[in-house]
Amino acid sequence: KSREMEPLCLLAIGFILLHITPHIETRLFIESGGDVILGGMFPLHNSVINLPLEFNAVPTSADCVMLNERALTRLYTMLYTIEEINNRSDLLPNMKLGYRVIDSCTDVMKAVEASYEFSLSGSTQKPPLVVIGDAYSFLTIPAAYTLGLKHIPMISYSASAPSLSDKTRFPTFMRTIPSDTFQSKALAELVGHFGWTWIGILGSDDDYGRQGLGKFQSDAHEYGVCTDFQIWVPKKIAIKDINSIVNVIQNSTVKVIIAFVIDAELEPIIKEMARRQIVGKTFIASESWISSPVIHKPQYADVLEGTIGFDMISADMNKLSDFLRNSKPTTDNPFMTELWQETFHCTPYPSGLVDAARLPACSGDESLGSVTSSFFNPSEMTVPYAVYLAVYAVAHALHELTACTTWTSVFAGGHCANLSDIQPWQVMRYLKKVDFKDNGYNIRFDANGDPVAYYILKQWQRKDDENMKMVAVGSYTNLNNNTNSTNKGHLIINDELLLWMGKQLKAPDSLCVAACPEGSKKEYEAGQPSCCYRCVQCSDGEFSKTKDANNCMRCPPDSWSTGTHTDCFVKPVQYLKWDSVEGLILHIAAIIGIFLTIDVLFIFYKYRETPIVKASNFKISLMLLICLFCNFLCIYVFVGIPKPWMCITRQPFFGVSFSSCLSCILVKTISMIITFKPSLTRNNTFHRQMTRAEIPIVAVVIVIEVALCVVWYFLASPSVFRNENIKADTIFLQCDEGSPLNFAFIIAYLYVLALICLMLSFMVRKLPNNFNEGKFVMFSALTFFIVWISFIPAYILSNEHRVVVEVISIILSGYGILIFLFFHKCYIILFQPQKNTKEHL
């Protein structure tokens, strides 16, 4: 807030001093008469000597020192352009332009003095219709306030502060250089193009630096740019300030520094960096110093090699170069006289500003074309071209005003302007409508008085000859030309032309941390700049394919992240496959069991009339073998891709086949008890009844199992289930058993049957003579019981291999029954037939 009021305060002080010192003399000016007068404000000196006001005599204006040769070039550009227009027959043919130029001395008070003098209407000299100037924003702002009070148009050739676009504060201000709003956008896009997110900032401690960098930081935010340091360079920089600034630069980790300062402020900082040999920092230059000879010196090459920035447009101005080269001092031009004295160390006139007694008289053969001077520098024509355009804009406006041929030439009441008394505000109306072309550029002003934004991207390069050269490597245009627009301009960069520090072809990196690799994301820490973060690997199931990702993305359904988290793969679907190792082993075991069961069945059927087969209850044994065959066969609904019909039938198939086996074993056990334990039965009638009840007992046991399966089916039918909870990166295709409780009832029922068989067989384990059927029945029942008791924890704990566990249990219990109940009988039948007799049994 206080900085916004500073120009107003200075303006007020200036007016007070000017009013209480009416005899103040503005000594440094030049003028030439004409039909209309153009004013000019140029900082022709770099400083002033402020003497204390004792008020014991009439106060005089402060003395200006340190001639600014580049400002003198711009002054002479204005004089050249006025001369060129006056010599044209197609532009203002009946009007001669005159001028009055005052030195603002790079001092705010001097700028106020000059603008105040231009605004006086009672002076003997005609007041100017338009003022061309000033160079710097901090000089232009108070001057524009002053001239605006009298509605005098002011066209600056170099003041680029965004605040000057505010028509409520500066209604008559215009310029031929784009607002820093556009330059700030261009610089933000430049930084974004090279991916520089960790930078340092140097800014002028005035409206030019603060407003320009404020807009830059706002625009650069969308590119993720943050700053390590931000230093405002004072207008009058002391040695301690220089050391402090350079210390910050030296200790910083940034590799890129944007300097939004004028050349005179930056030069002592660069000088100190060169003295300390601080290299490896790439500077981004604003338009105020990218082409400045004050900075562009061989002794600074090591520090500034690779500097890149935007410059204003320029044109081929050979005639202007000739005009400058052939300029000579005159008695009415103290500025050229001073340049002559400083350049040739002689005085052309005794009245020169430098003490003539100390300098010899000039010979008259001196020429600016024979010496190296900042005044005559053909390569630095950007600002002179802006001066050239400013004067031509005034000429075109006056041409339209004097023609009075279109509706735009008519003022209130339908009248044209009085050509003998043209008012500044009338010229302002025409300046707003100016539209002409020069060197291919459209020259016009928007509602804020700003021109179309054209910039040339330039870089300082050292090639084989080691000399620093400025190379155009791109451009920036914003044809939208609206300072309030968020639209980006058109940035063009020819990367093949770029050459960085150390003659590197690759742009330097400027990052607070190395870019996060693919497969990770940025994680910000409280209190740290947004560019300073740590890289965190994406979580399982997430991925990132780009570097410096802000967030990881979730993999699509049925997909999972790779080990590097840079991509996703489709989750493999797992189930018990026939061609897997487990599938092949179980398949072979089942086939062997099936063939062994068939072989036993064939042997028993062939030798059904022998005593050992008859003693084993051939009918029940035959049923038991058929049930064992089904038992081995049921694994085929467990192996392979689960299908709905397989899920529905697998557990009932297994349950019914095993309940059938156990029912047969139960009947065989009861038969042995009746036969060999008569004390447990009442009489022969009971024996006969039990013999007739064998088939019904088997049927009842099977029906109960079937009933449990039917209830299960209707209450919670099994279905195919894609289980992603076992392993996050794998889909297990399983059968959802529906209700675990119903499945538990089926298994529990088999346990009960096995337990009954075990208990009953234990009673007949020691039969008389050689009949050891009870012992083998007990072993088979015990095997079944042990296998399925082991099944419970294995099934619960092995989520991934439940099918394998169940199939193994089915095969092992089947083999247990087959081996213990039938193998010893087959052995006797086939290899010991002498024991297959009633006597032996």
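Begin at the start of helix α6 by selecting Asp206 and Tyr208: a side-chain oxygen of Asp206 comes to within 3.1 Å of the backbone nitrogen of Tyr208. The model on display is a predicted one. Then display Arg210 together with Trp232; the charged end of Arg210 sits over the Trp232 ring, 4.3 Å from its centre.

Proceed to the open sheet of 3 strands, ordered β25-β27-β26 with mixed pairing. Its edge strands are β25 (573-574) and β26 (719-723), each pairing on one side only. Strand β26 runs antiparallel to β27 (residues 731-736), and 5 bridges join them. Within β27, select Cys735, which stands opposite Val720.

Now select helix α17 (residues 644-676), where Phe654 and Phe658 lie 4 residues apart, about one turn of the helix. Their rings form an edge-to-face pair, 5.5 Å centre to centre with 65° between the planes. From Phe658, move to Trp788: this pair is also edge-to-face, at 6.0 Å and 75°. It links distant parts of the chain, since Trp788 belongs to helix α21 (residues 773-797), 130 residues from Phe658. Phe658 counts as buried because its relative accessibility is 0%, and Trp788 is likewise buried, at 1%.

Methods:
Residues are numbered from 1 along each chain as its sequence is written. This is a predicted model: local features need pLDDT of at least 70, side-chain atom pairs count only at pLDDT 80 or more; totals for chains, interfaces and linings use all residues. Side-chain values use heavy atoms; hydrogens and water are left out. A polar contact is a pair of N or O atoms within 3.5 Å; within protein, one must be able to donate a hydrogen and the other to accept it, and residues adjacent in sequence count only if both atoms are side-chain atoms. Helices (H or I, at least four residues) and strands (E, at least two) are DSSP runs, numbered from the N terminus. Two strands pair if DSSP finds at least two bridges between them. Rings of Phe, Tyr and Trp (its six-membered ring) pair if their centres lie within 6.5 Å; planes under 30 degrees apart count as stacked, over 60 as edge-to-face and the rest as tilted. Buried means under 20% relative accessible area, exposed over 50%, partly exposed in between (1.4 Å probe, protein chains only). A charge sits over a ring if NZ of Lys or CZ of Arg is within 6 Å of the ring centre and within 35 degrees of the ring normal.
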